[in-house]
Amino acid sequence: MNSPLVFADTAGDLLALPEKPAQVAEPVWCQSLAHGIPGIVLLHTELAAADRAPWQRVQDWLSAATTGVVTGGESSHPFHGTPALAAALAHAADHLPGSYARALDQLNSTIDSDVLRRVDAAHARIDSGRTPDLAEFDAIRGLAGYGAYLLRHHRASTALPAVLSYLVRLTEPLTVNGQTIPGWWTWTGPSGTSDDRFPHGHANTGVAHGIGGPLALLGLAARADVCVPGQRAAITTILAWLDRWQTDTPGGVVWPYWITMKHLRAGQWEPDGPMRPSWCYGAAGLARVQQLAAIATGDFTRQHAAERALVRAVSDPARLAVTSGGSLCHGFAGLAHLARRAAADAHRGNRIRLEAAAPGLLACALQPSREPKEVVKTITADTGLGLLEGVAGVALAALTTNPGWDTSLLTA
């Protein structure tokens, strides 16, 4: 029987030794939180903490991740290099107090310096009146992702308030060629590169690559009583932008993945059919971060609305029909995880609905009618071993506890 715990155990067993995966020899893969070893370390940490696997696996994979020079500076970001390794190491240390302290001190020092340099560059860019790149502020490559790590694992860092203060400035509008645009407008396509489909750029709303990530961090920090001047106003600005473009559909509320200059000038946007309600882009991820922001600001009306939007997102047959795969990033494992995370904070009625939805969503990812080893091997062959799209992320979602492995997702 392919139960969630059996699936997680099977994934852990098949990834027991770092010698087996061919990618271990690739330095980029070794340091990738999205696709490589740091995500696998998170899985083994959770299994070991639950007494379902030996701690030696954590150490073996950490050793494999550090066989070469760890990437830092401009070549690193929250999902690659020093910050990615620090995220895995710090999570293991949370379960083993006192462990890895020296290594974490060194990594944190590097991260602090890198973050402060990035913040200074971002302020200089704002001062010049230029628009940002997505990689300046987003959760995957930018300062929202760095802030997530600092808030969870290095809260005393002076870099954390620097990140929050920068995000406050990011929400201030810009005027370009007489057009007022939000401060997070980027002059590229969603991939972060020039795109003919976006001749005047766009405002990205996603949690992974857009303003959803900064909103999540600002809300999570405020909830933890980590605040800087203007933080609440910045939260309000982002929420007002999402309210402006919110659209009611037969299956529930949706938000655009992005707004183009054409949308902005017309003052309207309409969805083109059912939209996948994923973590990276979609109503489920945006509903969760709005719930977090509402809790932080004491807005019970908005909190209830966000929870209802998430309930509809994970139960609408039309939107689930365009959801493919089991991944955390944009598949059913991510929806199940969001439902569980949001349920823990939700009002009673919404909590019950979200808790009821989670097992069915997870079943879509785990395919319980098949042998777990077959499913693990299929996911590995199709999307890899890592956290965002691969088997490690699906296995982590299969574990019922949520003690912090999802820091990089900004879901709690």
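A search of the whole structure, which is a predicted model, finds 15 salt bridges, a salt bridge being a side-chain nitrogen of Lys or Arg within 4 Å of a carboxyl oxygen of Asp or Glu. Beyond these pairs, the model holds a largest nonpolar core of 139 residues, a largest pocket of about 280 Å³ and one cavity of 30 Å³ or more. Because this is a predicted model, local features need pLDDT of at least 70 and side-chain atom pairs count only at pLDDT 80 or more, while totals for chains, interfaces and linings use all residues. Residues are numbered from 1 along each chain as its sequence is written, and side-chain values use heavy atoms, with hydrogens and water left out.

**Salt bridges**

- Glu136 and Arg125 meet through their side chains in a salt bridge of 2.5 Å, N to O, and the pair links distant parts of the chain, with Glu136 in helix α7 (residues 134-137) and Arg125 in helix α6 (residues 101-127), 11 residues apart; helices (H or I, at least four residues) are DSSP runs, numbered from the N terminus.
- Glu136 counts as buried at 17% relative accessibility, and Arg125 is also buried, with a relative accessible area of 5%, where buried means under 20% relative accessible area, exposed over 50%, and partly exposed in between (1.4 Å probe, protein chains only).
- A salt bridge of 3.3 Å, N to O, joins the side chains of Asp138 and Arg141; Asp138 is buried at a relative accessible area of 0%, whereas Arg141 counts as partly exposed at 22%.
- The side chains of Arg319 and Asp316 form a salt bridge of 3.2 Å, N to O, in which Arg319 is buried with a relative accessible area of 2% and Asp316 is buried with one of 12%.
- Glu74, Asp114, Arg117 and Arg118 are linked in a network of salt bridges.

**Nonpolar core and a buried helix**

- In the largest nonpolar core, the residues that touch the most other members are Phe7, Val115, Tyr166, Trp279, Leu354 and Leu361, a nonpolar core being a set of buried Ala, Val, Leu, Ile, Met, Phe, Trp, Tyr and Cys residues joined through side-chain atoms within 4.5 Å.
- Leaving aside residues up to four places away in sequence, Trp279 touches, among others, Ile140, Val207, Leu328, Cys329, Leu388 and Leu409, contact meaning heavy atoms within 4.5 Å.
- Helix α19 (residues 391-398) is largely enclosed by the rest of the structure, because eight of its eight residues are buried.
- The buried residues of α19 pack against α1 (4-14), α3 (37-49), α16 (332-343), α17 (348-366) and α18 (372-383).

**Pockets and cavity**

- On a 1 Å grid over the protein atoms alone, a cavity is a set of points where a 1.4 Å probe fits but cannot get out, and a pocket is an open set with protein on both sides within 12 Å along at least five of seven lines, while lining residues have an atom within 4 Å of a point.
- Grid points are joined across faces, edges and corners, and a volume is the space filled by probe spheres set on the points.
- The largest pocket is lined by 13 residues, of which Arg118, Ala121, Asp133, Ala135 and Glu136 lie nearest its centre, and the largest share of this lining, five residues, comes from α6.
- By class, the lining of the largest pocket has five nonpolar, one polar and seven charged residues, where Ala, Val, Leu, Ile, Met, Phe, Trp, Tyr, Cys and Pro count as nonpolar, Asp, Glu, Lys and Arg as charged, and the others, Gly among them, as polar.
- The second largest pocket holds about 230 Å³ of space, and of the 16 residues that line it, Ala34, His35, Ile140, His209 and Leu388 are the closest to its centre.
- The lining of the largest cavity, which holds about 150 Å³ of space, has 11 nonpolar, six polar and no charged residues, and its largest share, five residues, comes from α8.

**Positive phi angles**

- Asp225 has a phi near 60 degrees, a positive value in a residue other than glycine; Asp225 is found in the loop between α10 (212-223) and α11 (231-245) and is exposed, with a relative accessible area of 71%.
- Gln367, in the loop between α17 and α18, has a positive phi near 50 degrees and counts as partly exposed at 28% relative accessibility.

Note on methods
Helix = DSSP H or I, 4+ residues; strand = E, 2+ residues; numbered from the N terminus.
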